[in-house]
Amino acid sequence: MITKMIIVNLFTLIRIIGTILLIPVYRKFGGLTVGVMSLLCYASDSIDGILARKWKVSTFFGAIFDSIADKLLTIMTFIILYLITPYAIIPIIIECLIVLLQLFKFSRNLNIKSNIIGKIKTFVLAISVVLTFFASSVHNISFISESFKNYLVSIDNLYFYLLLPSIVMEIITLLSYFAEVIIPKNRKIFVKKPKKIEKKNLSKNEYKEYLKKIWFSPEFYNKHKDDTNLRDLRKLSR
């Protein structure tokens, strides 16, 4: 199980490293290469999730590590896209608002797992971002006819149309997370009702072991993944 857990988190680590390399790769090789790299990074997001579920090695550490990698990839790709088109500033702002809202949810002890809308957003985002990168270097794509390349270049506000799906999904995702906090009657639509957790008194050694259990135990994750969140779970070890 440990080997499988390492493999899953290795995919996440590779995604983070690939994300960090996006800017220097873009400056040296352009939009086509960074578009392929972005596609591979987004694909790794699906692979580590599929493997974690298939091998039953999902943990709180893996979930948070994966979430950090996702946010880093999203922000980094849009920062690069901002060098191509100013329209990219719109999803950057919305994504930052989503992060702030998730932090606020954490402070309110609400579940901060990505809901189904957030998962759909990531899929739409991947397509939109990669297509925009490809469009920025369309003349370097050999298998596309010259007439079609010229047609794409001639489209006014092409980048806006390519980024529009991601902008729409960013807004929908922001509103769905906002609804979880502000509108009680809608909260059950997006997150399960938090379970009541009993407090436990633990010794120092038990505290260390329990921290390991919180972060790296698949059984613990599956039992508590729909609870309020780690703020309550950490109290169990005090």
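I began with the side chain of aspartate 48, which makes a polar contact with the side chain of arginine 15 at 2.8 Å. A polar contact here is a pair of N or O atoms within 3.5 Å; within protein, one must be able to donate a hydrogen and the other to accept it, and residues adjacent in sequence count only if both atoms are side-chain atoms.

I noted the ground rules before going on. This is a predicted model, in which local features need pLDDT of at least 70 and side-chain atom pairs count only at pLDDT 80 or more, while totals for chains, interfaces and linings use all residues. Residues are numbered from 1 along each chain as its sequence is written, and side-chain values use heavy atoms, with hydrogens and water left out.

**Entry 1. The whole chain**

I looked up the fold and found 12 helices and zero strands. Both are DSSP runs numbered from the N terminus: helices are H or I with at least four residues, strands are E with at least two. I then took the burial figure: 44% of the 238 residues count as buried. Buried means under 20% relative accessible area, exposed over 50%, and partly exposed in between, with a 1.4 Å probe and protein chains only.

I also checked the contacts, meaning heavy atoms within 4.5 Å. Of those with a separation of 6 or more, 78% are between residues 24 or more positions apart. The accessible surface comes to about 13,800 Å², and carbon and sulfur atoms hold 67% of that. Accessible areas come from the Shrake-Rupley method with a 1.4 Å probe; for residues, only the protein chains shown count as cover.

**Entry 2. Arginine 15**

Where is arginine 15? I found arginine 15 in helix H1, residues 2-20. Arginine 15 has a relative accessible area of 0% and is therefore buried. Leaving out residues up to four places away in sequence, I listed what arginine 15 touches: Cys41, Ser44, Asp45, Asp48, Asp66, Ala69, Asp70 and Leu73. A polar contact of 3.4 Å joins the side chains of arginine 15 and serine 44.

**Entry 3. Salt bridges**

I counted a salt bridge when a side-chain nitrogen of Lys or Arg is within 4 Å of a carboxyl oxygen of Asp or Glu. The count comes to eight salt bridges.

- Aspartate 45 meets arginine 15 in a salt bridge at 3.5 Å, N to O. The pair links distant parts of the chain, H3 to H1, 30 residues apart. Aspartate 45 is buried at 14% relative accessible area.
- Aspartate 48 forms a salt bridge with arginine 15, with the closest N and O atoms 2.8 Å apart. At 3% relative accessibility, aspartate 48 counts as buried.
- Aspartate 66 forms a salt bridge with arginine 15, with the closest N and O atoms 2.5 Å apart. Arginine 15 is in H1 and aspartate 66 in H4, so the pair ties together parts 51 residues apart in sequence. Aspartate 66 is buried at 18%.

Which residues do the shared partners join into one network? I wrote down Arg15, Asp45, Asp48, Asp66 and Asp70.

**Entry 4. Around aspartate 48**

Aspartate 48 sits in helix H3. Beyond four places in sequence, aspartate 48 touches Val8, Phe11, Thr12, Arg15 and Asp66. I then looked at glycine 49, which lies in H3, residues 31-55. Glycine 49 has a relative accessible area of 18%, so glycine 49 is buried. From glycine 49 to asparagine 9 I read 9.7 Å, C-alpha to C-alpha, for a sequence separation of 40 residues.

H5 covers residues 89-107, and its 19 residues reach 27 Å from first C-alpha to last, close to the 27 Å expected. The expected span is 1.5 Å times one less than the number of residues. The buried residues of H5 include Pro91, Ile94, Ile98, Leu101 and Lys105. Among their cover I found helices H4 (60-84), H6 (116-136) and H8 (158-182).

I also found a nonpolar surface patch of about 680 Å², made by Tyr82, Ile89, Ile90, Ile93, Leu97, Val99, Leu100 and Leu103. Patches are made of residues with over 30% relative accessible area and no salt bridge; like charges are joined within 9 Å, nonpolar side chains (Val, Leu, Ile, Met, Phe, Trp, Tyr) within 5 Å. H5 gives the most to the patch, with seven residues. Is leucine 100 buried or exposed? At 53% relative accessibility, leucine 100 counts as exposed. After H5 comes asparagine 109, whose phi is positive, near 65 degrees.
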